[in-house]
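This report covers the strand layout, the helix packing, the ligand shell and some backbone details of one model. The structure comes first and the description follows.

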Amino acid sequence: MTPILEFRDLSKVFFKGEQRVHALAHVTAEVEEGELLAIVGPSGCGKSTLLNLSAGLMEPGTGEVLYRGQPLTRVNTQVSYVTQKDNLLPWRIVEDNVALPLELGAHAKLSKDDRRERIARYIELVGLTGFEKHYPSELSGGMRKRAQLARSLVYEPDVLLMDEPFGALDAQLKLVLQAELLRMWEGTGKTLVFVTHDLAEAITIADRVIVMSSRPGRIRAIEHIDLPRPRDVFGIRFVPGFGDYFERLWSALREDIHQGQEV
Ligand SMILES: Nc1ncnc2c1ncn2[C@@H]1O[C@H](COP(=O)(O)OP(=O)(O)O)[C@@H](O)[C@H]1O
Ligand SMILES: [Mg+2]
């Protein structure tokens with residue numbers, strides 16, 4: 001089967017004045033349709049760059065990104081992207097933020113009723129019913145993430161890219177949102193590419209974890225996570241096998257810490 005996303009020998013160098021930042025080097029990997037893939041790596045190793053490339057928001061220096069076998073040459077409208085920075089529009093209430101993707105492209109043809117139904121359905125799915133009329137500034141960090149998620153899901157994309165979505169949240173809320181994400185995603189056959197710097201989170205969510213090296217980001221290790229589904233986010237640390245996965249992935253990441261890199 002053709003991978004839904006494919007990175008072929010990707011490299012990326014950024015120029016900032018005189019400075020040259022080598023963000024990615026020779027990244028080759030495939031994302032299978034329907035898989036839940038986590039990408040972990042030290043900060044600055046090019047994780048966000050890899051998602052930006054997958055969304056077609058920038059071009060690789062060398063190599064190519066393929067979506068369903070076709071090289072990406074423009075913005076990839078088949079994927080939805082929960083970016084690292086919260087980019088809700090502050091002047092729009094929640095339901096109008098969620099409505100945004102439906103105002104564009106083919107979705108603009110949806111009838112008013114269909115549109116209203118979909119918006120309400122996704123707001124409910126992420127647990128924001130009752131907050132439709134709130135502005136982003138009136139929401140907690142977790143609720144803003146939920147709103148971002150609703151906006152990303154409302155046009156029912158085949159692939160969801162998420163960039164450290166729960167990174168800034170407290171430990172308990174993080175688990176709750178991981179559980180909700182799995183509840184929405186497991187068994188749907190849709191693809192998830194989830195960037196995190198939290199190993200336990202990667203193992204909890206993913207079918208497969210890619211560990212990247214420090215900059216320039218390369219693939220250091222790939223691990224299949226054969227823990228049963230549906231997964232219980234709160235108890236998974238005690239499931240046999242979890243510790244071994246953690247150990248193996250940690251030893252791949254640790255090499256970069258020895259170089260004095262921040263993880
Ligand atoms: N648009 C850009 N212009 C210049 N440098 C950038 C740009 N985007 C990312 N970088 C640099 O590339 C490196 C990788 O960035 P990023 O992909 O954001 O890493 P990560 O998400 O793994 O923390 C960092 O050193 C970052 O400063
Ligand atoms: Mg990043």
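In what order do the strands of the four-stranded open sheet lie, and with what pairing? In this predicted model, the order is S2-S1-S4-S5 and the pairing is antiparallel. The edges are formed by S2 and strand S5 (70–71), each of which pairs on one side only. Strand S1 (residues 5–16) is joined to S2 by nine bridges in the antiparallel sense. Two of the residue pairs can be named: Leu10 has Val27 of S2 as its bridge partner, and Phe7 has Ala29 of S2. The two strands make a hairpin with two residues between them, and Gly17 in this turn has a positive phi of about 60°.

A second open sheet contains six strands in the order S6-S7-S8-S3-S9-S10, and its pairing is mixed. Strand S6 (79–82) and strand S10 (219–224) each have a single partner strand, so each of these edge strands has one side without a neighbour in the sheet. On average, neighbouring strands here are turned by 15° against each other when direction is ignored. Strand S9 (residues 208–212) pairs with S10 in the antiparallel sense over five bridges. Arg208 has His224 in S10 as its bridge partner.

**Helices on the sheets**

Helix H1 touches S1, S2 and strand S4 (62–67) of the four-stranded sheet, and the direction of H1 makes about 115° with that of S1. H1 also lies across strand S3 (36–40), S6, strand S7 (159–163), strand S8 (191–196) and S9. Against S7, H1 runs at about 155°. Helix H4 (residues 141–153) packs on the six-stranded sheet as well, touching S6 and S7, with its direction at about 170° to that of S6.

**Ligand 1**

| Residue | Protein atom | Distance to an oxygen atom of ligand 1 |
|---|---|---|
| Gly44 | polar backbone atom | 2.7 Å |
| Ser48 | polar side-chain atom | 2.8 Å |
| Arg215 | N or O atom in the side chain | 2.8 Å |

Taken on its own, ligand 1 has 560 Å² of accessible area, of which the protein covers 68%.

**Backbone details**

Most residues other than glycine have a negative phi, and most peptide bonds are trans. His26 has a positive phi of about 55° although it is not a glycine; this residue lies in strand S2.

Pro230 is in the loop between S10 and helix H7 (242–258), and the bond from Arg229 to Pro230 is cis with omega near 0°.

Methods:
Residues numbered from 1 in each chain as written. Chains lettered and ligands numbered in written order. Predicted model: local features only at pLDDT ≥ 70, side-chain atom pairs only at ≥ 80, totals over all residues. Heavy atoms only, no water. Polar contact = N/O pair within 3.5 Å; in protein donor to acceptor, adjacent residues only side chain to side chain. Areas by Shrake-Rupley, 256 points an atom, 1.4 Å probe, with all protein chains shown as cover. Pairing = 2+ DSSP bridges. Contact = heavy atoms within 4.5 Å. Axes fitted to C-alpha atoms, helices over the stretch in contact; angles between N-to-C directions.
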